[in-house]
Amino acid sequence: MKIYQNTELTLADVFLILRGLQWTMFVWSTSMAGGIVLGFVLALLRHARIPVVAQLVTVFVEIFRNSPLLVQLFLVFYGLPLVSPFSPGPAEAAIFTMTINTAAFTVVNMVAALDAVPRGQWQASNSFGLSYMQTMRYVVLPQAIRTAIPPTMNLAISQLQTSSLISIIGVADLTRVGIQLYVRTLKPFLVWPIIGLIYFVIAKILSILAARIERRIRAKVTWFEDAA
Amino acid sequence: MGINFNSVLARSDYLLAGLQLTIFIAIGAILLSFVVGILIAICRISRIRALRIFATVYIDLFRNTPFLIQLYFIYFGLPDIGIPTEPISTGIIALGLSGAAGNAEIIRSGIETVNKGIVDATRSFALSTVQIYRFAILPIALRIAWRPLGNAFVNLVLTTSIVSTITVNDLTGNASNISAETFKPFEVFLIVLLIYCAVTFAVSAIVNVIYALFFARTTERPLIRGQA
């Protein structure tokens with residue numbers, strides 16, 4: 001009697017892997033986009049030093065930066081349905097958690113970038129009669145965002161790797177497909193290098209992209225300083 | 001419905017046992033990643049081409065693939081070639097090797113900031129390469145690299161939660177068990193989240209103490225002390 005007949009990797013598995021890749025990219029890109037926007041807003045709130053709100057943001061950021069994403073995922077996926085009316089499915093829980101996690105890291109990058117803009121520029125803008133909003137919009141943010149782009153690109157690359165954890169709560173991402181293929185074929189030396197290689201290639205493409213963007217930003221900044 | 005910590009607090013001994021194991025794994029992983037990181041960093045800037053290529057590939061591979069995949073590869077892969085694996089030691093080794101890649105990059109950039117003149121001076125005193133590293137280069141490089149290394153250590157502590165996926169009963173693993181027993185996932189994982197926060201703050205504090213004790217006042221003095 002042959003029980004384990006289907007132990008070879010076949011062409012059909014390519015589609016399985018692509019399907020997993022699709023989920024990985026979907027959760028990753030959605031949570032990156034959401035996290036950057038949320039983190040940006042929170043960073044502005046914190047930078048404005050609005051009493052209570054700024055402290056709350058700091059506590060939120062520290063808690064989510066100093067705890068493992070895995071536990072955060074468990075808290076949202078297993079815990080939330082029992083104490084709130086929300087019962088997210090795996091993908092929703094994954095996107096929600098990774099968005100918040102990304103936001104926490106983005107706040108730190110963004111606040112650092114805002115603080116990197118010299119104090120003198122605020123005073124200069126003030127003496128030109130610009131309001132807080134105008135100074136932020138036309139003077140500080142254009143520079144701060146430029147400073148914050150490289151660390152945000154690094155964050156995106158590391159979040160892509162961290163996103164493999166969503167497989168543990170049952171999202172059918174690339175890692176989950178890897179587990180399925182491994183359990184079926186029992187060939188760890190074939191399956192894991194393939195899955196790892198896919199992550200590797202995407203990360204490499206992203207870091208080449210990041211280097212290119214960084215170079216362009218630097219060129220622009222030099223032009224900016226020369227003109228001044 | 002409703003949040004109730006009683007049944008979870010009744011199992012606090014179990015959580016503490018998990019915390020103990022997490023701390024044990026974290027210490028092992030930090031030490032291993034530190035030592036291997038230094039070795040890889042030295043390989044990375046070695047004059048021997050093979051070592052340089054090895055270090056570059058090592059760093060690239062470990063930094064651009066998810067830790068979960070590395071862990072699965074080691075844990076499921078080694079038994080396939082006749083090496084039995086045990087969850088806790090596999091976890092520590094995987095964490096150590098993975099963390100070493102990041103640490104190597106940090107230490108390398110620390111080494112590159114060391115004044116070339118110092119190296120030439122030690123060489124003129126006929127110190128061996130090992131002595132040059134031990135007494136001249138590493139004390140200075142590590143002082144510069146210590147703060148980013150501290151961040152890497154904190155990250156490593158958080159990453160230890162992932163070894164719970166290969167059946168290690170660390171803090172996260174035990175928390176999952178408790179949540180299955182008590183049906184209080186929200187309370188359990190919330191407490192665990194805060195415990196991880198406390199642990200990372202403790203690690204940061206220790207990193208700062210070590211900096212104050214060993215690095216704050218080191219200039220080029222270790223070289224002179226080393227010769228006496």
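Mentor: Helix 9 of chain B runs for 31 residues and covers 43 Å between its first and last C-alpha, close to the 45 Å expected at 1.5 Å a residue. That expected span is 1.5 Å times one less than the number of residues. Helices here are DSSP runs of H or I with at least four residues, strands are runs of E with at least two, and both are numbered from the N terminus. This is a predicted model, in which local features need pLDDT of at least 70 and side-chain atom pairs count only at pLDDT 80 or more, while totals for chains, interfaces and linings use all residues. Residues are numbered from 1 along each chain as its sequence is written, and chains are lettered from A and ligands numbered from 1 in the order in which they are written.

The buried residues of helix 9 of chain B include B:Pro185, B:Phe186, B:Glu187, B:Val188 and B:Phe189, and the list ends with B:Val199, B:Thr200 and B:Val203. A residue is called buried when 20 or more other C-beta atoms, placed from the backbone, lie within 10 Å of its own, exposed when 12 or fewer do, and partly exposed in between. Those buried residues pack against both chains: helix 2 and helix 3 of chain A, and helix 1 (6–9), helix 7 (129–159) and helix 8 of chain B.

What covers its buried residues includes helix 2 (51–65), helix 4 (90–116) and helix 6 (132–162) of chain A, together with helix 8 (171–182) and helix 9 (185–215) of chain B. Among the buried residues of helix 3 of chain A are A:Leu69, A:Phe74, A:Phe77 and A:Gly79. Helix 3 of chain A reaches 20 Å from end to end by C-alpha, close to the 21 Å expected. It bends by about 30 degrees at A:Val76, the bend being the angle between axes fitted to the seven residues ending there and the seven starting there.

For the interface as a whole, 30 residues of chain A are in contact with 29 residues of chain B, contact meaning that the C-beta atoms, placed from the backbone, lie within 7 Å. On the side of chain A that touches chain B, helix 3 (69–83), helix 7 (174–185) and helix 8 (188–227) of chain A each supply at least two residues. Helix 3 of chain A gives the largest share, 10 residues. By class, this side has 20 nonpolar, 9 polar and 1 charged residues. Nonpolar covers Ala, Val, Leu, Ile, Met, Phe, Trp, Tyr, Cys and Pro, charged covers Asp, Glu, Lys and Arg, and polar takes the others, Gly among them.

Elsewhere in chain B, B:Thr90 sits in helix 5 (residues 87–112). B:Thr90 counts as buried because 20 other C-beta atoms lie within 10 Å. Beyond its neighbours within four places in sequence, B:Thr90 is in contact with B:Ile74, B:Tyr75, B:Thr85 and B:Ile166.

Two loop residues are worth a check. B:Thr167, in the loop between helix 7 and helix 8 of chain B, has a positive phi of about 70 degrees although it is not a glycine. B:Thr167 is exposed, with 11 other C-beta atoms within 10 Å. In chain A, A:Leu186 lies in the loop between helix 7 and helix 8, and its phi is also positive, about 55 degrees, although it is not a glycine. A:Leu186 is partly exposed, with 13 other C-beta atoms within 10 Å.

As to the chains, chain B comes to 10 helices and 0 strands, and chain A to 8 helices and 0 strands. In chain B, 44% of the 228 residues count as buried; in chain A, the figure is 36% of 228.

On confidence, the model scores ipTM 0.90 and pTM 0.90. Chain B averages a pLDDT of 91, and 94% of the residues score at least 70; pLDDT is the predictor's confidence in each residue, from 0 to 100. Residues 222–228 of chain B stay under 50. Where pLDDT is low, the predicted coordinates should not be read in detail.

Notes. Contact = placed C-beta atoms within 7 Å.
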